[in-house]
Amino acid sequence: MNTVFNLVAICFWLLLLYYSILTVGGILFRAKKNSKTKSLEHYPSVAVLIPAHNEGVVIADTLHAMSKLEYPGELHIYVLNDSSKDETGEIAQYYDDSYAHIHHIEVPPGTPRGKSRVLNYGISISQSDYIAVYDADNQPEPHALRLLVEAAETTPQAVGAVGYVKTINESRNALTRMIALEFSAFQLLMQAGRWELFKLGSLTGTNLIIRRDILEQVGGYDSYALAEDADLTLTLTDIGGLLPIVPEARTWEQEPENFKVWLKQRTRWMQGNLYLIEKTIKNPRLFRGRNFIHSAQLLLVYICFVFFLLMSDLWFLLGLTGKVHSSATTPLLILWFESWLMYYVQLVTAQMSDKTLRPLDLLVSFLMYFSYAQMWLILLVRGAYYHIKLKLTKKEPIWDKTARFKQGKNIVG
Amino acid sequence: MQNKMTSMMIFILLYISTILGVLYLNTHELLFMLLASFLIGLFVLFTSSMLGFALLIVYVLGHGFYSVGVTWGKEININIQSIQILKQCIYTLSAVASWLLIYSINKARESYISLEKEVIELRKFEPSTDILTFNEFMERAKLLITGMRRRGETAYYLVFEVIGEKDYQKRVVYEKLTKLLLQSVRVNYDLVGKGGHNRIIVLLSNTNEEGVQIVLQRLAQKVDAEYNLTLKDFIYSIHDVGDDFATFSEAVASWKRGNAS
């Protein structure tokens with residue numbers, strides 16, 4: 001039993017070591033002064049795709065931000081209206097009438113429902129060198145798209161580029177603040193670290209561009225994937241493509257303001273990642289080359305880490321009830337403290353690299369290990385339940401759309 | 001107020017970590033703590049705050065892994081573990097305080113440089129010569145040129161560049177030349193401004209080629225009368241202002257960057 005415990009602890013610490021190395025890699029990447037993109041002589045054409053299903057609450061702000069995009073090349077923005085029942089169509093049509101480069105497109109009904117199918121339709125109706133994807137609640141900064149294209153065009157072997165997603169409603173409540181901190185640490189800092197150390201980038205679902213020819217070569221998005229971004233990342237890495245990270249290309253996104261909405265959104269992400277793990281295990285190709293890090297990380301985070309967590313919880317419970325007597329000599333208090341410290345350091349480092357270090361965020365980061373981070377287990381159980389249920393019933397995946405918020409109230413699509 | 005609070009916090013952090021170090025660390029540990037904090041501070045001072053932060057993170061995380069490594073497999077009671085954690089906190093606190101101290105100094109220095117730059121940009125006249133700063137020259141030129149175009153008048157600009165082998169010689173010639181130029185042009189209609197290093201731009205409004213020559217003759221006379229200054233100490237070129245302010249602005253900016261010389 002002790003051997004098992006020690007083995008679990010060693011694996012857990014290896015995972016922490018990996019994330020610590022990424023943290024340092026991330027900060028080194030951000031510290032570089034020459035990481036800025038270079039301007040181009042010729043800017044390729046770009047089609048911005050915005051999948052929209054009942055986005056009436058946010059779409060006007062999104063399109064307003066889109067109309068302010070400053071891109072020196074040919075630019076077309078497509079609102080892909082997926083059978084919206086609210087005023088999404090009306091607002092999109094108004095922008096279509098007002099701006100020559102904004103187009104309102106009605107996506108024909110079809111299955112499986114969800115973002116991937118809508119994006120594939122968008123790819124089929126547009127003609128451009130690059131495809132850019134933005135969620136319907138996104139407000140990119142004016143230079144974001146230009147910076148992404150410059151990075152993609154000037155990085156050898158690049159098939160696209162990925163920007164940074166910031167939280168627009170960060171100060172709304174403790175949950176949104178925690179999500180913002182999580183994004184800055186595990187999206188920006190870790191992404192930057194992976195790029196700095198392994199030349200690996202991951203698509204984040206929004207604020208990204210991909211070369212059209214490459215997308216067509218790999219067959220577009222997997223319509224059954226709920227985490228379509230992670231899925232496409234593996235496919236693109238598999239063909240040797242690079243996805244540079246551009247932290248200066250920022251978009252502002254709305255995040256869930258209450259636990260219920262957050263739980264639904266994250267369960268969908270978890271389901272998507274479980275689908276991807278299944279796909280990865282079935283396909284040994286996805287463990288080769290640079291994809292090994294992507295796939296190994298997926299397995300470590302979603303399978304091994306949870307196994308370690310369950311084991312330690314079980315050990316703790318059995319010890320409490322006297323069912324098992326541990327003769328393990330591992331200093332548990334020190335282990336626990338170091339785990340917390342490393343998590344805290346990662347969050348603080350992310351804020352520092354984002355130049356947004358604030359006393360309140362330091363306090364929230366301090367508490368996140370005991371609250372937000374512990375939700376991981378609930379998410380995994382929930383995600384696994386729905387994933388297995390879907391497999392047993394042989395139904396198509398349901399795209400559980402994230403509810404949007406306006407003035408503190410959520411409106412479910 | 002915020003700066004004062006930050007300074008106070010850093011000051012308190014430094015003292016707390018040192019006092020705790022004296023109380024709980026042995027001599028070797030205390031020396032290590034002070035040396036590590038000093039080196040981190042020194043590194044930030046000579047590189048950048050972000051690179052220094054990377055070193056700080058390596059130090060803090062490295063300490064964590066070291067703690068796990070040395071205690072792994074050992075029978076340590078909860079009290080000893082607590083003391084071990086406390087010692088690590090003291091090391092971390094001291095390093096963070098040291099980094100924060102140099103970081104805040106760097107920030108203050110950056111802010112000072114940036115403010116100084118802003119002040120220079122906001123200045124209307126170059127202090128040593130009383131000619132217009134480049135930004136002020138452009139602001140006034142915009143008003144003059146726009147008005148002249150509306151009235152259908154023509155204008156010229158002259159670019160003077162001081163030549164010479166030694167910098168100290170050029171400085172003297174530059175100052176004499178600016179003084180003479182200010183005396184040679186019409187105070188209320190023409191502009192004399194700084195156009196880059198050792199370069200002066202003169203805008204002659206509502207004038208023609210004949211008017212330009214009159215100004216140049218006047219300048220030549222004043223140069224002759226000036227002690228130890230000749231026409232060979234500088235070169236000049238004459239340019240038409242062009243159709244609009246944008247063309248003029250682009251050309252003058254090019255001179256300022258030194259591309260057109």
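**Entry 1, the cores.** First a reminder to myself that this is a predicted model. I looked up the largest nonpolar core and found 122 residues in it. The residues with the most contacts inside this core are A:Ala132, A:Leu148 and A:Ile209. Helix 6 of chain A, residues 174-198, gives the most to it, with 11 residues. I also noted another core lying apart from that one, with 30 residues, including B:Phe137, B:Phe160, B:Leu191 and B:Phe248.

**Entry 2, around A:Ala132.** Which residues does A:Ala132 touch, not counting residues up to four places away in sequence? I listed A:Val46, A:Ala47, A:Val48 and A:Leu49 among them. The list also includes A:Leu145, A:Leu208 and A:Ile209.

I traced four strands forming an open sheet in the order 2-3-1-4, with antiparallel pairing. At the edges I found strand 2 (191-194) and strand 4 (234-240) of chain B, each pairing on one side only. From one strand to the next, the twist averages 20°.

I then followed strand 1 of chain B, residues 156-162, which pairs with strand 4 of chain B over seven bridges in the antiparallel sense. There, B:Val162 has B:Phe234 in strand 4 as its bridge partner. Helix 6 of chain B, residues 167-184, packs on the sheet and touches strands 1, 2, 3 (199-204) and 4 of chain B. The direction of this helix makes about 155° with that of strand 1 of chain B.

**Entry 4, the hairpin.** Strand 2 and strand 3 of chain B form a hairpin, and I found four residues between them. In the turn, B:Gly196 has a positive phi of about 120°. Four bridges join these two antiparallel strands of chain B, and B:Val192 has B:Val202 in strand 3 as its bridge partner. Are the residues I checked along strand 2 of chain B buried or exposed? B:Leu191 and B:Gly193 point one way, B:Val192 and B:Lys194 point the other way, and all are buried.

I found 22 residues of chain A in contact with 24 residues of chain B. On the chain A side, the elements giving two or more residues are helix 1 (2-31) and helix 11 (332-353). Helix 11 of chain A gives the most, with 10 residues. I sorted this side of chain A into 15 nonpolar, five polar and two charged residues.

Terms used
Residues numbered from 1 in each chain as written. Chains lettered and ligands numbered in written order. Predicted model: local features only at pLDDT ≥ 70, side-chain atom pairs only at ≥ 80, totals over all residues. Core = buried A, V, L, I, M, F, W, Y, C linked by C-beta atoms within 7 Å. Buried ≥ 20, exposed ≤ 12 C-beta atoms within 10 Å, placed from the backbone. Contact = placed C-beta atoms within 7 Å. Pairing = 2+ DSSP bridges. Axes fitted to C-alpha atoms, helices over the stretch in contact; angles between N-to-C directions. Nonpolar A, V, L, I, M, F, W, Y, C, P; charged D, E, K, R; others polar.
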